[in-house]
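Hi,

Here is the structure I promised to pass on.

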Amino acid sequence: MKVTVDRAKCTGLGICESMAPDVFEVDENGDLVLLTETVGTDQLDEARAAVEGCPTEALRLVEE
């Protein structure tokens, strides 16, 4: 699975980072950084939770 970010919607709240810290990070400027675009099976549950928990619906998981 691949994670995508709609930068126009992302506000850098950091909820995704708290739910999937191996996939997402909010930098010192408040910008979301993808630590990986491809989510492995060991990270999939956390990444799904982060996508579902995003209040601005800026995150998506798509099949590769």
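**What I found**

β1 and β4 run antiparallel and are joined by 4 bridges; strands count as paired if DSSP finds at least two bridges between them. One of these links has V5 with L59 in β4 as its bridge partner. Helices (H or I, at least four residues) and strands (E, at least two) are DSSP runs, numbered from the N terminus.

Before the rest, some ground rules. This is a predicted model, so local features need pLDDT of at least 70 and side-chain atom pairs count only at pLDDT 80 or more, while totals for chains, interfaces and linings use all residues. Residues are numbered from 1 along each chain as its sequence is written, and side-chain values use heavy atoms, with hydrogens and water left out.

Buried here is under 20% relative accessible area, exposed is over 50%, and partly exposed is in between (1.4 Å probe, protein chains only).

L59 and L61 also turn up in the largest nonpolar core, which has 17 residues; along with F24, L32 and V39, they touch the most other members. Such a core is a set of buried Ala, Val, Leu, Ile, Met, Phe, Trp, Tyr and Cys residues joined through side-chain atoms within 4.5 Å. Two or more residues each come from β1 (2–5), β2 (24–26), α2 (44–53) and β4 (59–62), and α2 gives the most, with 4. Beyond its neighbours within four places in sequence, L61 is in contact (heavy atoms within 4.5 Å) with residues including M1, V3, V39, L44 and V51.

There is 1 salt bridge, meaning a side-chain nitrogen of Lys or Arg within 4 Å of a carboxyl oxygen of Asp or Glu. E37 and K2 form it, with their closest N and O atoms 3.7 Å apart. E37 is partly exposed at 44%, and so is K2 at 30%.

What about disulfides: how many are there? The count is 0, going by cysteine sulfur atoms within 2.5 Å. The sulfur of C10 has its closest cysteine sulfur in C16, but at 6.3 Å that is too far for a bond. C54 is in no disulfide either, as its nearest cysteine sulfur, in C10, is 6.5 Å away. C54 is buried at 14%, while C10 is partly exposed at 24%.

Cheers
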